[in-house]
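Please look over the sequence and the model first.

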Amino acid sequence: MATLRAWVAGVFGAYYHVLPFEQNFETPSLSKRYKAKPRGKLRIEYREKNLGYNKLKESLLAIGDIVEVSQDAQNEDVMVIEAVHERKNAIHRASFGRQQCLAANIDGVVLLTSVRSPDFNLGFTERALAEAVIAGVTILLVVNKMDLVNALDEETQTVLDYYSKIQIPLFKESLLSGVSTSLKDALNRGTWLLLGQSGTGKSTLMNRLLGEEKQAVGEISQIEKGRHTTTNPILYYSEAHDNLALIDVPGLREFGMRHRDALEIRDGFPDFTQFACRFENCLHLNEPNCGVKEALLSNTLPDFRYKHYVSMLETIDEKFKPRKGDYWRGIK
Ligand SMILES: Nc1nc2c(ncn2[C@@H]2O[C@H](COP(=O)(O)OP(=O)(O)O)[C@@H](O)[C@H]2O)c(=O)[nH]1
Ligand SMILES: [Mg+2]
Ligand SMILES: [Zn+2]
C-alpha cells in the first residue's frame, strides 16, 4: 500500500490532525490539515538517552510524531494512520497518575515564565527545565512581562543569576510590545515546544512570530478540545515561515515529574556533576563525602536548586525514593 509521510499536528482524543509532507518529504506542505485516525493499535517506539524504553510504553500518538498515512477509502478528506516512526526525543509530564507526551521530535523547548500575573513559578520552571534536559533538547528560558515590574525581586534575581551561570539562555521580554531581536533570531527555524503556565504569554509569542492568523486556528482548537480540564497540544506552522513550527500546550497548570526515576532526575541537574562526590552513583541525599552538599555549605550551589531536586525525587515512585530523614539541610 502506498503511504505518505505526515506530521501529527493535533491530538484530540478520538482523532488526530496530520500535515502530509511534500513529495520530497522534507518540507511539510500545510496545504491541508487532515483529520486522521489510526488503523488499530500503533506501536510507538522511543528510546531515552540512557535508558531502556519499557517504562515509556505508550499507546497514544503525540504532536510531532512522524507517521505513515493512507487515504480513507470512504472519505478522501480523512487519513488513516498506518504506522509511526521512532521518536528522536519527547517531552513528557505526569498528570493525574499518568504520563502525557506533550511533544515529540522537537528541536527545543521555549520555557515561558512571567514576573507578574502570574508570578514567577520556580517549581514549574525547575521541573520543566529538568524534563527538557533529560530529553536532551535545547532550552530557551523566557522571562516575560518585564514591563510589569521596575526591578526583579531578590529571590527571582538569585534564580536567574544562577541559570545564567549554568549557561541557560535567558531572554527578558515584554512580549506584548514585541519580541526581542535575540529571541527572534533564536526562533527563526526549527520545531519548538512552548512550555509555560497559562497566562505567561505563549499565545502572544506565537502570534508575534507566526502572525495574527494563527490565533484563529488556536481558538477553533480550543472549542474542539471540549472540556477545559484536558490539554491538547497543537502544532502551528505557517507556509510563510516554513522553517519554524511552534507547539502550544494550552491550559497547562501542573508539570509533574513522577514519570521519571531518580537517575533521570539526577541527569536533569547537570550542574551538579561539577561537584565531586565520593560515590559515582551518589544521589546527594545521605551519602558521605557528597560534593553537592559541600557546595551547598559553601554557597557555591544555591539552596533552591537542591530543594527542587529533592522535591522531585520525593514524588517519584520507585526504590530510589528518598526516605524520611534523608534530607540534609533546609528542606521542609
Ligand atoms: N503586561 C504584559 N502583558 C502581557 C505580556 N505578554 C502577554 N501579556 C498578556 O497576558 C495575558 C496572557 O497571555 P497569553 O499569550 O494568552 O498567555 P498563554 O496563556 O501562555 O497563551 C494576555 O492578556 C496578554 O495580553 C507582556 O509582555 N506584558
Ligand atoms: Mg494560550
Ligand atoms: Zn553527591
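The report covers a ligand site and then a pair of helices.

This is a predicted model, in which local features need pLDDT of at least 70, side-chain atom pairs count only at pLDDT 80 or more, and totals for chains, interfaces and linings use all residues. Residues are numbered from 1 along each chain as its sequence is written, chains are lettered from A and ligands numbered from 1 in the order written, and side-chain values use heavy atoms, without hydrogens and water.

**Ligand 1**

The shell around ligand 1 holds 15 residues (a heavy atom within 4 Å). The closest are K145, D147, G199, K202 and T204. Helix α4 (residues 202-210) gives the largest share, three residues. By class, the shell has three nonpolar, nine polar and three charged residues. Here Ala, Val, Leu, Ile, Met, Phe, Trp, Tyr, Cys and Pro count as nonpolar, Asp, Glu, Lys and Arg as charged, and the others, Gly among them, as polar.

| Residue | Distance to an oxygen atom of ligand 1 |
|---|---|
| L175 | 2.9 Å |
| G199 | 2.7 Å |
| S203 | 2.9 Å |

On its own, ligand 1 has 580 Å² of accessible area (Shrake-Rupley method, 1.4 Å probe), and the protein covers 71% of that area.

**Helices α1 and α8**

Helix α1 (residues 122-135) packs against helix α8 (residues 303-315) at about 70 degrees. Their axes are 10 Å apart. The two are therefore roughly perpendicular (65 to 115 degrees). In α1, L122, G123, E126, R127 and A130 meet F304, R305, H308 and M312 of α8 (heavy atoms within 4.5 Å). These contact residues divide into four nonpolar, two polar and three charged.

Terms used
Axes are lines fitted to C-alpha atoms, for helices over the stretch in contact, and angles run from 0 to 180 degrees between N-to-C directions. Helices (H or I, at least four residues) and strands (E, at least two) are DSSP runs, numbered from the N terminus. Angles under 35 degrees count as roughly parallel, over 145 as roughly antiparallel, 65 to 115 as roughly perpendicular and the rest as oblique. A polar contact is a pair of N or O atoms within 3.5 Å; within protein, one must be able to donate a hydrogen and the other to accept it, and residues adjacent in sequence count only if both atoms are side-chain atoms.
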